[in-house]
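Student: Hi! Could you walk me through this one? I'd like to start with the aromatic rings.

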Amino acid sequence: MTDPREEAGARLQTDRPHSARVWNYLLGGKDNYPVDSEAGDVILTTFPEFAAVARLQRRFLARAVRFLAGEVGIRQFLDIGTGLPTADNTHELAQRIAPESRIVYVDNDPLVLTHARALLTSTREGACAYVDADVRHPERILAEAARTLDLSRPVALTALGIMGQISDAERPAELLDTLMAALPRGSCLALSDGTDNNEALNRAVQVYNGQSANTYHLRSPQEIAAFFTGLDLVDPGVVATASWRPDAGRPEEPTADVSVCGVAAKN
């Protein structure tokens, strides 16, 4: 039987930037290759605030998971577009509040797969699993996630920066709808993505798309807000990522408003 990590090594494509590795570089991580850091530097040359935007989105994840596990009481998380392990991963945040929380990570980046063991350090009371899959195949994700999660009970679906990797032709809203339709009432969606209302960011993404193994698609705030159609948004709605329930006493670093986010419930 073929070792999945050997298969992952064959898929790495170290000659072209990959989004998870570039994001890792922008967050100050070491799990990337020279081609990824070069792409990250091109982005920063065109749009110097991008590393700060990456940090803001990561902090939104932390606030959203704390809200969902704490105030909402959700004990199951389906994290799609996981990215490479860093501080305060979803399972760490959720299990810090509720040790019995169960988390399934989903990503199709081969380097993320090689680091999956670092993500699977669950508490004894809870559980963690990793699914090597693409968001374009929601039925497979759901089938694999059901091995760890009870899909008859509320699940928090997190999708940070992932729908931007899906083109309009691939119908990203329908992919989300398929995922949410399989989850029961009381489930929630936490989503954040980049917007197209900054010319410097538009140019940076255009350059990145010209050399990357996967492209990113910026959308208007209104288009991103439409991903929540049919769900009940929690306050403050779809807002700039830094403005969603900021931590008291910890002001966010100033950046251009180039990403929006929101959390919504299925009721």
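**Rings, a helix pair and some backbone details**

Tutor: Phe60 is buried, with a relative accessible area of 0%; buried means under 20%, exposed over 50% and partly exposed in between, using a 1.4 Å probe and protein chains only. This is a predicted model, where local features need pLDDT of at least 70, side-chain atom pairs count only at pLDDT 80 or more, and totals for chains, interfaces and linings use all residues. Residues are numbered from 1 along each chain as its sequence is written, and side-chain values use heavy atoms, leaving out hydrogens and water.

Student: How many aromatic pairs does a search of the whole structure find?

Tutor: The search finds 2. In one, the ring centres of Phe60 and Trp244 are 5.4 Å apart with planes at 85 degrees, so this pair is edge-to-face. Rings of Phe, Tyr and Trp (its six-membered ring) pair if their centres lie within 6.5 Å; planes under 30 degrees apart are stacked, over 60 edge-to-face and the rest tilted.

Student: Where do Phe60 and Trp244 sit?

Tutor: Phe60 is in helix H4 (residues 50-72), and Trp244 is 184 residues away in the loop between strand E7 (239-240) and strand E8 (259-265). Helices (H or I, at least four residues) and strands (E, at least two) are DSSP runs numbered from the N terminus.

Student: And what about Phe67 and Trp244?

Tutor: Their ring centres are 5.7 Å apart and the planes at 80 degrees, so this pair is edge-to-face too. Phe67 also lies in helix H4, so its pair with Trp244 ties together parts 177 residues apart in sequence. Both Phe67 and Trp244 are buried, and Phe60, Phe67 and Trp244 make up one aromatic cluster.

Student: Which residue lies over the face of Trp244?

Tutor: Arg245 does, at 5.4 Å from the ring centre; the rule is NZ of Lys or CZ of Arg within 6 Å of the centre and within 35 degrees of the ring normal. Arg245 is partly exposed at 30% relative accessibility, and its phi is positive, near 45 degrees.

Student: Switching topic: which residues are buried in H3?

Tutor: Among them are Val35, Asp36, Ala39 and Ile43. H3 (residues 34-46) has 13 residues.

Student: At what angle do H3 and helix H10 pack?

Tutor: About 160 degrees, with the axes 8 Å apart. Axes are lines fitted to C-alpha atoms, for helices over the stretch in contact, and angles run from 0 to 180 degrees between N-to-C directions. H3 and H10 are therefore roughly antiparallel (over 145 degrees; under 35 is roughly parallel, 65 to 115 roughly perpendicular, the rest oblique).

Student: Last one: which peptide bond is cis, with omega near 10 degrees?

Tutor: The one from Asp235 to Pro236, and Pro236 is in the loop between strand E6 (232-233) and E7.

Methods. The expected span of a helix is 1.5 Å times one less than its number of residues.
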